[in-house]
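Here is a short briefing to read beside your model. Keep the sequence and the 3D view open as you go through the points.

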Amino acid sequence: MASRPDGEQAGEYRINDLARESGIPVRNIRLYQERRILPPPVRRGRVGWYSEAHLARLRLIARLLDRGYSLAHIGELISAWERGRDLADVLGLEAALTSPWSEEPQTVISAGELQRLFGRQEERGTLDRAIASGMLSPDGTRFRVASPQLLDIAVQLVQAGYPLSVVLKVAEDSMHDIERVAERYVSLVKGTITPSLSPGEVGEESVGGGDEQTEIDDPAAAAALVQRLRPLARKSVDAMLAMAMESAVNQVLGDAVSALAKEGRTQSPDGDR
């Protein structure tokens, strides 16, 4: 390389020059170094020199941040890349894991609209519960609806005469139950894509299993497996819910109907007046 003043060479940057070239503030560059997602500069004397490779890494970090990745996720991706993984495969797995599973359009609703839908039952306590459960999330002066279908179901149940507080309790309990179902399916997939786990170690106890890290053997195959899981999980939940509803209706409502029928048979005509 051709020599430059003060020992600078072509394709090398002091930290201020690197910040200007990349558009990333110096404090962020130092933070990336502390988080070990940007290699340290080469020291010559008291000056640290950065290369074109540093500039390329900063541009990659900026693109990933724009796509919504956290610094922790970026660190994991770069670590996998440096161990010889194909970054496109790693990013493909990350997209499969983080992309929305619901195809419902995102909608927002105002407090006034909620009050019109639920009448006087829409009070601060029920609104707080809906936010805490994740069904609603504040979006400025309005609220983002996690699932328009669930909102419509709640409206229909309230119109049918069920108190909103009861409808919310059913929704909260059902969400808790379905979260356990989701965890079981995720645990199944985790056991398939992490060879370091033996079959006996896969189960509910492996869900959220602390801070231990497991190596994914083939990111592209794992992404394909996660994508394949989506329709299978939905279909299985629909099928199992149908079976469970049939059994519950027969057991719970069947007894109630029998009791009503028995009561009707024992009443005399005079008693009905």
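**Arginine 36 and the overall picture**

Arginine 36 sits in the loop that links α2 to β1 (42-44); helices (H or I, at least four residues) and strands (E, at least two) are DSSP runs, numbered from the N terminus. This is a predicted model, where local features need pLDDT of at least 70, side-chain atom pairs count only at pLDDT 80 or more, and totals for chains, interfaces and linings use all residues. Residues are numbered from 1 along each chain as its sequence is written, and side-chain values use heavy atoms, with hydrogens and water left out.

**The chain as a whole**

- The protein chain holds ten helices and five strands.
- Of its 273 residues, 26% count as buried; buried means under 20% relative accessible area, exposed over 50%, and partly exposed in between (1.4 Å probe, protein chains only).
- Among contacts in the protein chain with a separation of 6 or more, 59% join residues 24 or more positions apart, where contact means heavy atoms within 4.5 Å.

**Two single residues**

- Arginine 36 has a phi near 60 degrees, a positive value in a residue other than glycine.
- For comparison, most residues other than glycine have a negative phi.
- With 76% relative accessibility, arginine 36 counts as exposed.
- Histidine 176 belongs to helix α9 (residues 164-193), and its 48% relative accessibility makes it partly exposed.
- Histidine 176 and serine 133 lie 43 residues apart in sequence, and their C-alpha atoms are 9.6 Å apart in space.

**Helices α1 and α2**

- The axes of α1 (residues 15-22) and α2 (residues 26-34) come within 9 Å and cross at roughly 105 degrees. Axes are lines fitted to C-alpha atoms, for helices over the stretch in contact, and angles run from 0 to 180 degrees between N-to-C directions.
- α1 and α2 are therefore roughly perpendicular to each other; angles under 35 degrees count as roughly parallel, over 145 as roughly antiparallel, 65 to 115 as roughly perpendicular and the rest as oblique.
- On the α1 side, Ile15, Asn16, Leu18 and Ala19 meet Val26, Ile29 and Arg30 of α2.
- This contact of α1 with α2 divides into five nonpolar residues, one polar and one charged. Ala, Val, Leu, Ile, Met, Phe, Trp, Tyr, Cys and Pro count as nonpolar, Asp, Glu, Lys and Arg as charged, and the others, Gly among them, as polar.

**Helices α3 and α4**

- Helix α3 (residues 52-66) and helix α4 (residues 71-82) have axes that come within 10 Å and cross at roughly 130 degrees, so the two are oblique to each other.
- Arg57, Leu60, Ile61, Leu64 and Leu65 of α3 meet Leu71, Ile74, Leu77, Ile78, Trp81 and Glu82 of α4.
- By class, the contact of α3 with α4 has nine nonpolar, no polar and two charged residues.
- Buried residues in α4 are Leu71, Ile74, Leu77, Ile78 and Ala80.
- An α-helix has 3.6 residues a turn, so residues three or four places apart point the same way.

**Helices α6 and α8**

- Helix α6 (residues 111-118) packs with helix α8 (residues 148-159) at an angle of about 40 degrees, their axes 9 Å apart.
- α6 and α8 are therefore oblique to each other.
- Leu114, Leu117 and Phe118 of α6 make the contact with Leu151, Ala154, Val155 and Val158 of α8.
- By class, the contact of α6 with α8 has seven nonpolar residues, no polar and no charged ones.
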